[in-house]
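User: I am new to this structure and would like a close look at a single part. Could you take one residue, say where it sits, and then set it in its surroundings?

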Amino acid sequence: MSFLGFGKAAPSSAEKIAAVENELKVVAEMHSRMVKICTAKCLDVTYREGELSKGEGVCLDRCAAKFFEAHQKISDQLQKETQARGGGFMS
Amino acid sequence: MPCLQRADTSAARLTPAESRELDQRLQKRQVKEFMNVFGNLVDNCFSACVDDFTSKALSGRENGCIARCVVKSMSTQTRLGERFGELNAAMTAEMQRR
């Protein structure tokens, strides 16, 4: 999703670089949050073993998939709700 | 943590000079990201493993727990990194299709 160049002059160097960097920042943050949450949900907190058990591994895979699905659904719903409420949800 | 690569998802077209500037920034970000992962690791493993304050030295049990925690956490990072890459690519493709 890029908002560059909508009816105004071509974006400056700084703007272009910032846009790409920002996009990656968003992705990296999402990754970091997912790791934190799925670790908490799936791993044995007593750390009795140093290796991921099969169950834990599968849990992590599923957690990641569900995380993305929830992300998408929430994004869609938030957009709908925001529009329904006349464009602002902070009021 | 995913290597901060530039997938061609951005509409921006960069000159070589801009590209270099971006790469420099990404490198800095990579370092910051690593420190973040490290911090989370310490917080997580300490919280999970250390709960005996009758001594100021880590006990054998706590040391073992921490070591296992580190290994497990790194395996987790790797696995989730792979899943994330796959899912993110799929999501990006889906968004572009819409």
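Analyst: In this predicted model, Phe46(B) belongs to helix H1 of chain B, which covers residues 16–49. On spacing along a helix in general, an α-helix has 3.6 residues a turn, so residues three or four places apart point the same way.

Turning to the chain around this residue, chain B has two helices and zero strands, and buried residues make up 24% of its 98 residues. The accessible surface of chain B comes to about 6,600 Å², with 57% of that area belonging to carbon and sulfur atoms. Among the contacts in chain B between residues at least 6 apart in sequence, 46% join residues at least 24 apart.

The other helix of chain B to be named here, H2 (60–97), takes part in packing with chain A: together with helix H1 (13–42) of chain A, H2 of chain B is what the buried residues of H2(A) pack against. Those buried residues of H2(A) include Leu60(A), Cys63(A), Phe67(A) and Phe68(A). Just after H2(A), Gly86(A) takes a positive phi of about 80 degrees.

Key:
Residues numbered from 1 in each chain as written. Chains lettered and ligands numbered in written order. Predicted model: local features only at pLDDT ≥ 70, side-chain atom pairs only at ≥ 80, totals over all residues. Heavy atoms only, no water. Helix = DSSP H or I, 4+ residues; strand = E, 2+ residues; numbered from the N terminus. Buried < 20%, exposed > 50% of the residue type's maximum accessible area, 1.4 Å probe, protein only. Contact = heavy atoms within 4.5 Å. Areas by Shrake-Rupley, 256 points an atom, 1.4 Å probe, with all protein chains shown as cover.
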